[in-house]
Amino acid sequence: MIVRITLEIALGKEFDYEVPSEFEERIALGSRVKVPFGTRQLMGVVTALPATSSFPVLKPIIDVVGQGSLVTPKVLDLARWMAAYYCCPIEIALKSVLPVAVRRDREGWKKQLHIRAVEPTGQVPALTERQAALRSILQQWKELPLQEFLKLTRSTAATAKKLEDAGVALICREVMERDPHAHEHILPSEPLALNQEQARAHAAILAAMNQKEVQQKPNVFLLHGVTGSGKTEVYLQAIDHALSQGRGAIVLVPEISLTPQTVERFKARFAVGKRATLVAVLHSHLSDGERHDEWHKIREGRARIVIGARSAVFAPVDPLGLIIVDEEHEHSYKQEEAPRYHARDVAVVRAQKEGAVVVLGSATPSMETYHHAKGGKYHLLEMLSRADDKSLPWVRVMDMRGEGRHDKGIPILSQQLKEAIDQRLEKREQTMLFLNRRGYASSLQCPQCGYVAGCPQCSLSLTYHRRQQRLRCHLCGHDERAPICCPVDTCRSAEIRFAGVGTERVEDTLARLYPTASIRRMDSDTLKKKEDYKRILTEFRQGKVDILIGTQMIAKGLHFPNVTLVGIIYADLSLHIPDFRAGERTFQLITQVAGRAGRGEVEGDVYVQSFTPFHPAIQYARRHDYVGFYEQEWEFREQTSYPPALRLALVTLRGRQEAKLKLSADHLRQAIEGATQDIQGFSLAGPAPAPLERAENHYRYQILMRAQRMSRLSARLAGVMDSMRLPQGVKVSIDIDPVNLY
Ligand SMILES: [Zn+2]
Ligand SMILES: [Zn+2]
């Protein structure tokens with residue numbers, strides 16, 4: 001038997017080994033093996049089982065880890081596709097497919113001692129009275145962890161050992177499964193009656209799931225449903241159908257919405273009650289051990305529903321019936337390191353390979369997805385009213401240009417928003433205020449000499465954190481004491497002051513305006529511990545908090561019936577990012593945040609403060625008009641040849657020496673131009689300094705490419721990178737379908 005193996009170290013090659021007969025039974029595609037490599041022993045993954053090898057002499061493998069394989073052959077195939085499409089070596093793609101926790105060279109199970117009652121062979125030995133009593137307790141339990149037995153019977157390990165010696169008990173090591181959610185108590189939920197729009201969507205998805213023959217094009221639905229339209233209930237009933245077909249389902253949610261609230265809704269339907277099935281949850285807060293165990297539950301087919309963030313798209317569910325990508329427009333589905341995959345796009349490819357159906361859900365679909373739906377590549381399902389017939393919140397746009405008074409500058413809250421908060425406090429209703437910038441102020445400036453405190457390592461200004469009196473870089477984490485006067489030697493002015501607003505400053509302002517109100521702030525500065533998030537949200541739900549201020553953490557997924565007012569402090573913030581998607585992001589953000597209002601009995605109000613109140617992104621969001629926004633945005637994308645009109649690939653070069661970097665970038669451009677002549681619609685811009693010119697002490701240059709289709713361009717870029725020798729200290733990354741251009 002011969003195996004082809006990808007080693008864990010980055011070599012971009014595969015190697016053949018021989019399998020000694022004693023291992024043959026345990027070897028399958030995806031098995032982890034230990035092999036000799038030069039003078040070392042390395043771990044690898046079996047990626048093929050070739051009948052013959054072109055190498056005359058093969059070394060034997062040393063060991064096989066675990067029983068069977070942790071990855072399905074179908075997912076291995078997906079890894080190959082990823083490597084080719086996203087221009088990365090196969091071993092990098094495999095690392096995403098198999099999490100670290102299950103790639104270890106040990107098995108990774110936690111084991112503990114159990115004690116089990118056994119019938120003695122032959123004559124029953126003479127037992128003391130105490131021993132006989134212990135034996136009868138053990139017989140009732142049949143088997144239990146030794147520690148629990150000792151506690152229960154108030155006995156010692158020595159006593160237990162005597163039972164074993166007498167032949168009436170057996171002490172052995174058993175695998176103990178860690179369950180990160182063992183202490184939850186969840187009440188089962190029953191399927192809800194669907195309204196007309198939900199029922200139509202449900203029927204279309206089920207019809208696709210019932211199709212027997214393999215489909216030529218991917219079976220993808222865009223479920224465009226306004227906030228509160230009841231998308232989750234449609235997901236739940238579609239999952240139920242997958243289970244009834246004997247297949248499993250993967251639910252992807254953005255890491256940020258992987259809250260206890262979300263997970264509970266799925267568990268309440270499937271994990272408790274009569275037909276309980278295991279629901280595996282994969283998120284970044286799991287310990288390695290917990291992740292290992294969740295993974296095994298899935299691989300062994302015990303957990304057939306998986307909920308998780310981005311990387312859960314690789315969960316070894318088999319057979320797979322359904323993948324749901326909730327909030328499909330979210331940028332956190334894109335991995336910002338190699339392999340730079342987009343989980344939504346990987347989901348579509350995986351589903352097609354495995355004959356599954358994909359449902360992409362959003363109130364604000366990405367331009368790309370809606371474009372596919374309009375063009376007929378995906379099926380469009382619309383749910384444009386809220387599930388319980390509640391109306392969408394009333395959105396008012398505040399023109400902040402008129403709010404400034406010449407003596408005091410522009411206030412953080414407009415007069416109208418202040419009055420609206422007053423009313424809510426009187427009526428004991430709740431308010432959420434949103435600002436996507438943490439810290440106190442976005443920069444520290446000297447009005448005398450024009451000095452701005454910048455990061456020594458990045459081309460960014462430092463954010464002022466007042467509580468700690470620190471200046472921090474939100475990119476590289478650089479942290480220094482805030483100066484009390486201008487640090488420029490020739491100036492030393494004491495008038496140095498901060499500019500721009502962050503959540504900390506909003507909190508201070510509110511505390512001054514409403515001294516008796518209970519106010520909480522939620523951003524990564526206030527959430528230091530794992531439990532903080534849950535604690536603040538629980539306080540808010542219980543009505544102990546009047547005003548919740550937060551960054552994007554409070555923008556999505558949360559459902560609080562008593563929130564009747566939502567304020568967006570500075571809606572223009574996302575308009576100013578140097579990216580062609582700035583308008584799209586702003587529209588999405590306002591719509592998502594506004595969706596938090598009016599989820600209960602009382603209708604909701606939304607106040608959007610802006611310095612560019614007539615910007616289309618803001619105006620379309622005010623009218624809840626997604627299609628209007630899409631159409632005007634499409635015109636802009638078509639004129640400027642940005643996605644979805646054309647596809648993008650971005651090459652970024654990084655290095656400490658700018659001249660050397662620039663030279664490498666020029667060489668790379670020539671090589672790319674030479675290799676891409678026949679690609680349809682191909683064009684190239686750059687090399688030019690990236691919008692973020694310097695980060696963590698490295699200069700950054702970019703080459704931006706456009707093409708009609710991506711797969712051929714990916715292959716050519718991979719070829720160029722293989723043949724190109726870059727000087728030391730210059731690093732290159734390739735980003736296919738980038739979502740961040742800075
Ligand atoms: Zn100065
Ligand atoms: Zn920095």
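Modeller: A residue counts as buried when its relative accessible area is under 20%, as exposed when that area is over 50%, and as partly exposed in between. The model is predicted.

I begin with the zinc ion (ligand 2). Its donors are the SG atoms of C455, C458, C473 and C476, at 2.3 to 2.4 Å. The angles among these four donor atoms run from 104 to 118°, and the site is tetrahedral. For four tetrahedral donors the ideal angle is 109.5 degrees. Along the chain, the donor residues of the zinc ion (ligand 2) follow the spacing C-x2-C-x14-C-x2-C. Distant parts of the chain are linked here: C455 sits in the loop between strand 18 (443-445) and strand 19 (463-465), while C476 sits in the loop between strand 20 (470-472) and strand 21 (479-481), 21 residues apart. With the cut-off of 20% for buried residues, C455 is buried because its relative accessibility is 6%. C476 has a relative accessible area of 22% and is therefore partly exposed.

Because C449 is in the loop between strand 18 and strand 19, and C491 in the loop between strand 21 and strand 22 (497-499), the pair ties together parts that are 42 residues apart in sequence. C449 is partly exposed, at 40% relative accessibility. C491 is partly exposed as well, at 24%.

Most residues other than glycine have a negative phi, and most peptide bonds are trans. The peptide bond from D318 to P319 is cis, with omega near 0°; P319 lies in the loop between strand 12 (303-308) and strand 13. The bond from G686 to P687 is also cis, with omega near 5°, and P687 is in strand 28 (residues 683-695). E696, in the loop between strand 28 and strand 29 (698-707), has a positive phi of about 45° and is not a glycine. With a relative accessible area of 44%, E696 is partly exposed. R154, in the loop between helix 5 (146-153) and helix 6 (157-165), is another residue other than glycine with a positive phi, near 50°. R154 counts as exposed, at 75% relative accessibility.

Helix 7 (residues 196-210) gives a check on length: at 1.5 Å a residue its 15 residues should span 21 Å, and its end C-alpha atoms are 21 Å apart, which agrees. Its buried residues include A201, I205 and L206. Seen down the axis, the buried residues of helix 7 fall within an arc of 160°, so they line one face. Q196 and R200 are exposed on the other side. At the N-terminal end, N195 caps helix 7, with a side-chain oxygen 3.2 Å from the backbone nitrogen of E197.

Notes
Residues are numbered from 1 along each chain as its sequence is written. Chains are lettered from A and ligands numbered from 1 in the order in which they are written. This is a predicted model: local features need pLDDT of at least 70, side-chain atom pairs count only at pLDDT 80 or more; totals for chains, interfaces and linings use all residues. Side-chain values use heavy atoms; hydrogens and water are left out. Donors are N, O and S atoms within 2.8 Å of the metal (3.2 Å for Na, K and Ca); water is not among the atoms, so sites may look incomplete. Four donors count as tetrahedral if all angles lie between 85 and 135 degrees; four count as square planar and six as octahedral if opposite donors are over 155 degrees apart and all others between 65 and 115; anything else is irregular. Helices (H or I, at least four residues) and strands (E, at least two) are DSSP runs, numbered from the N terminus. Buried means under 20% relative accessible area, exposed over 50%, partly exposed in between (1.4 Å probe, protein chains only). The expected span of a helix is 1.5 Å times one less than its number of residues. The arc is that of the directions from the helix axis to the C-beta atoms. A polar contact is a pair of N or O atoms within 3.5 Å; within protein, one must be able to donate a hydrogen and the other to accept it, and residues adjacent in sequence count only if both atoms are side-chain atoms.
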